[in-house]
Amino acid sequence: MKDLIKRNSGNFVFLVLSAGVFLITSGQISSKSNDVAEARRFPYMMCGLIAAMSLLSILIDIYKWRKKELEPQTAEDGRKAYAWIKTIIAAALIIFWFTMINMLGFIICTAILVGGITVLAGNRNVISIAAVAIATALVMYLVFAVLLQTRLPEILF
Amino acid sequence: MDIIVSVLQNLFSLQALLVLVLGSAVGMVVGTIPGLSASMGVALMLPFTFGMEASYGVLLLVSVYCSSIYSGSISAILINTPGTSASAASMMDGFSLTKQGKARQALDISLNASIFGGIFSGVLLLLLAPQIAKAALTFGPPEYFALGVLGLSIIAGVSDEGLLKGLILGGFGFLISTIGIDPVSGIYRYTFGNSNLTAGIDSVSAMIGLFAISEMFNQLEIGAKRMVQAVKVDNEGIGMRKMKPYVPTMLKSSVIGSIIGAIPGTGSAIAAFMAYRQAKASSKHPEEYGKGSLEALSAAESAKNAVTGSAMIPMMTLGIPGDAVTAIMLGGFTIQGLAPGPQLFEKSPILVYTIMIGFLLANIVMMLEARVAIKAFSKISNISNHYMIPIVMACCVVGAFAINNNLFAVKIALIFGVMGYILPKLGFKNLVPILIALILGPIVEQNFSRSLVLSDGGFGIFFTRPLSLIILLIAAGSILLGLRKKK
Amino acid sequence: MKRRSVGAAVVLTIVLGFGLLGCGNSNTGTEGSSANKETETTSSAETTSNSVNYPKKDIEIVVPYAAGGSTDMVARAFAQVLSNYLPNNVNIAVVNVTGGNNIVGTQEVYSANPDGYTIGCIAAAPLSIVPLYGETEFTHDSFETIAQVTSIAQVLAVSANSEWNTIEDVITYAKENPNAFTYGVGGKTNVSNLALSYLMMQEGVQMKSVVYNGNSEVLTAFLGGHVNAYTGAATDIKEYVESGEAKILLNMGSVVEDFYADATTMEDLGYESVGDAYTGFIAPPDTPDEIMEILETAFEKAMEDETLLATYANIGIQPVFLNRAEFQELISQTFERNKEVLKYLGEIE
C-alpha cells in the first residue's frame, strides 16, 4: 500500500491540486451566466482533465498491482542522501538576492549569490570563490547596466 | 534596374556592413543569455536607430532579431536552458547530444539549419510577401483556435512516458496560463490581489525556472565535477555538405515555420514544436527523437528561424506585426517616419528591397560570425561545475529580472525552478508539455471565446468554416496517428 | 590561444561599435550640455527651484505598454529631447513594463520612490477606466500628474466597400439588427470600447464587441473581414484610410487630423466627446512639489522642441498640452463619466 502511494505520489498531488483549484475557481472567479465568454470554462475543464487523468493513472496502477504486473522500478542515479539540502540553500540564496537587492544593490547581492552557489557546488578554494563571485558580479553589471542600459537596483547607502 | 543598383549600393557600403556585423554580434549575445529575449534585444537597440538612416536602422534591428532567435539554441544545447523560448524545442535533443559528447555537431546543425530556415523565409519575403500576407489575413478566431489545438496536440507526440502524464502536465500548464486578467471577459483570475499576477505568468520566466534553474538544482544535488560527464568528445564538425540528408526535413520544417510566422500573433516557439512533431511523425527513426536526434534538431531549428523572415511579411506589407519582436520593429519604422503597409512598397521601393535583401545578408553575416564563435562555445561543457553552476544560476536570476525590470519575475522563475526540481521526483520527468500549454493556452482559450462571441454561442462555427475544419482534422489525425504508433 | 583572441576581437568590436553608434544617440546630447549650464536658463523656474538639485542621476520613464506602440513612441520621443530642458544633462531611459491591462506598469510607478527618478507615461485607460473595477491599489487621483502631452483620437472605421457610409447608417443597422454589427477592440478596458459603449447607451442600440489583445490584432481581424469595424487609435489605421481601403466613420475624440477631417464626431451627434486617449506623464504619489515643478516646466518647454514635433508628425499625432492641475481634472472627469457607462453595461455595481 505504501508502495502504491509512493509510486503514484505525483498523481495524488495533482488530484488534490485539481480539487483545490476547482474550489478556488468557484469561489474567486465571478461569472455572469449570460456571458458567452465564460471565464470559468477552461479552468474547470482543465481541473477536470487533470483530475481524470491522475485518477486514471492511479487506477491503472492499482490494477497492475493487483495483477502483479508491475514494471521494475528504474534505479535512481546514485545521489547522496540529504543532497536536497543543497537545493534548499540554493533557493534560499536566490530569495536572499531578490529580497535584499534593493538595499544592498546589484553587485553585492549577485556576488553573494554566486559565491554561495560556488561553495555549494563544492568549491573550497577561498581565492577561487572570491574571484568568481566578484568577477561574475562585475561582468554582469557591465553587460546589463552599461551595455544594455537596464536599470539595476543600486545600493542604498 | 536602377532600383537594384541603389539597393546594392546601399547594402555594400561600410555602414551597412558595420550595422549587420554589430547587430548580429549583439543579437547573438542577447539570445544566448537565458532571460534576455529577442524582443528585449531589439527594444534595447531601438534608441540607437534614431540617429541612423532609416534603412540602416531597420537592418540593425533585423540582424539583432535573426541572430538572437538563432543563438537561443546555443545555451539550449550546451546547458539545457533555452536562451529564448524559440529554442525550447531544441533543448531535448540538443542537450542529449551534448551529454553524448556531440555538442559540436549539435551546434553545427543548429547553425546550418537556422540559416537554412532564415534564408528560406527571406526568399519568401522577397518574392511573395503581398500574396502571403493576404492569405494570412484569412485566419480569424476559429482558425486561430484550431491552430492552437493543433499546437496542443503536439503534447501527444512529446510525452514519451505516457499520454496520461503528458495530459496532466498539459492541463497544469494550461491552468497556469489562465492566471491573470482574461482579456476577452476582463475577469481577474487567480490574482489574489497581487497586481503582478494580473499580467499572468510570463512564459520566459517559467521556462527559465522550469528548465534552467531546476537543472542547476539537479546538478548541485548530483555533485559532479562537470555538467556533462566526460564522454569522449567528438569534435568533428558538420559542414554544409554533410547537411544533405537533412534537407528534406529542413524544407518541410521551413515551410511550417514560414506559415506560422506569416500568421500574425503566433511565434517561433510554436513553429519549432510543430515542425518537431511533424518531423517525428514522418521520420524513419522516430525513437531517436528526444534522445539526441540530429534530424529532430534540424527540424526545430530551421522552423524557428524560418519565422523571422515570414514574420516580417505582415509587418511590411500590412503594418501588422507577426510576433512580439516585429511589433517593436514596427515602432522603429514609424518613429523614422516610415509607415509600413500597402503604401510603403509603392512609395519607397528602394528601402523595401534594401531591407529584404539585407535580411538575407544578415543571415549570412550571422553564419560567419557564429562559425567562429561555435568553436569556442562547444568547449564550454568542459568548464568545471564550480564555475558553471553559479554563473548560469546568476544569469538566470538576472535574466529573469531583466525581462520586465521586475523582481517578481525572479520569484516566478524560482517557483518554477522548484517545481521543475520536484516534479521528476514525483514521477514526471518530461516537463515540456507544461511549456507548450503555457504558451498555447491563451491562444486556444481567447480565440475560443471570441469565436463564440461571433457565433452567438454556437459551436458550429469551428466546423462550418473550411479552414478551421481542415486544421482541426489535421490535429485530430495527428493525435490518432500518435496513439496508434504507441501500440 | 586562437579562442581567446577571437573572443577578445568580438568584445572589442562590440565595444567599438557601441562607441560609434553612441555618437548618433542624442540622449546624452553633446549639443545639450553647452546649452545647459545652470546659469543659463531655459526657464526661470529652474534656477529658483535648483535648491533641490534635481535631477542628479538618470530618470526612468516607465511605459505600461509594449515597445513600438503609440504610447511607447510618445515616451521615447520625450526621452530623446527632455534632458535638454532639465538641468544637469541627465540620461532618460524608457522601460516597458507590460501586462494585465497596463496594471503592472502603472502599479510600478505607484509604488516607486517619490524622488522624481521614476515617472510614468500613460494613456487614459489605466487611470480613468481600470480602477473602476476595484482591483487596483491606485485610482484616478492617486498619482501626481505632470502634464498631458497629446491626445490620440479613437475612431471607428469600416471597410471602404461596405454598406455603411456614415455612422448613422451603422446606428440604423444596429437598431434593426441588434447584436449583429461586430466591432473589434484592443482591450476590454480600452478607451474606444468605453466610448462606443457610451454611444450605444445613448442611442439605445446593441453591437457586439470582439475583444482582442491590442490594436494590431484588431487591425488584422478587420483587414481579414472577421469583424465589421475597427475601433481604436486613429494612428493605427491611418495607412489604410490613405490607401483607400478603409473609411473612418466616427471620430470619438476631439482631436482632428487631416485624414479623418470629415468624419462625424461625437459632438456632431450631440454627445460629449469621450473617445480621447489622452496621453500624459505621471509621477508617484507624494513626489515633492519642487521636483514636480521642475518636471512640469520641462515638459511644457519640451512641447515646443522641433525634434519632438517632427517625431509627433511622423507618428501622426498632435501636441495637446494640459498642465498638472488641468490634467488631473480631465482624468477625474472622465473617471466619473466612465463609472456611469460601466454601471449601465452592468460591469460594475
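This is a predicted model: local features need pLDDT of at least 70, side-chain atom pairs count only at pLDDT 80 or more; totals for chains, interfaces and linings use all residues.
Residues are numbered from 1 along each chain as its sequence is written, chains are lettered from A and ligands numbered from 1 in the order in which they are written, and side-chain values use heavy atoms, with hydrogens and water left out.

Consider the interface between chain B and chain A. The contact (heavy atoms within 4.5 Å) takes 58 residues from chain B and 61 residues from chain A. About 5400 Å² is buried between the two chains, 78% of it given by carbon and sulfur atoms; this area is the accessible area (1.4 Å probe) that two parts lose on being put together, summed over both. The elements that give two or more residues to the chain B side include α9 (163-177), α10 (203-222) and α17 (385-404) of chain B. Of these elements, α17(B) gives the most, with 13 residues. Helices here are DSSP runs of H or I of at least four residues, and strands are runs of E of at least two, numbered from the N terminus. No salt bridges are found across this interface, a salt bridge being a side-chain nitrogen of Lys or Arg within 4 Å of a carboxyl oxygen of Asp or Glu.

Within the chains, however, such pairs occur, and the structure holds 13 salt bridges over all chains. In chain B, Arg189(B) forms one with Glu445(B), the closest N and O atoms being 2.9 Å apart. Because Arg189(B) lies in strand β2 and Glu445(B) in helix α19 of chain B, the pair ties together parts that are 256 residues apart in sequence. Both residues are buried, that is, under 20% relative accessible area with a 1.4 Å probe, protein chains only. In chain C, Asp72(C) and Arg76(C) meet in a salt bridge (3.0 Å, N to O); they lie four residues apart in helix α4 (residues 70-81), about one turn of the helix.

Chain C also contains strand β7 (residues 229-233), of which five of the five residues are buried, so the strand is largely enclosed by the rest of the structure. Strands pair if DSSP finds at least two bridges between them. Strand β4 (residues 144-159) of chain C pairs with β7(C) in the antiparallel sense over five bridges, and Leu156(C) stands opposite Thr231(C). Strand β5 (residues 182-185) of chain C pairs with β7(C) in the parallel sense over two bridges, with Gly184(C) opposite Tyr230(C).

Definitions and conventions
Buried means under 20% relative accessible area, exposed over 50%, partly exposed in between (1.4 Å probe, protein chains only).
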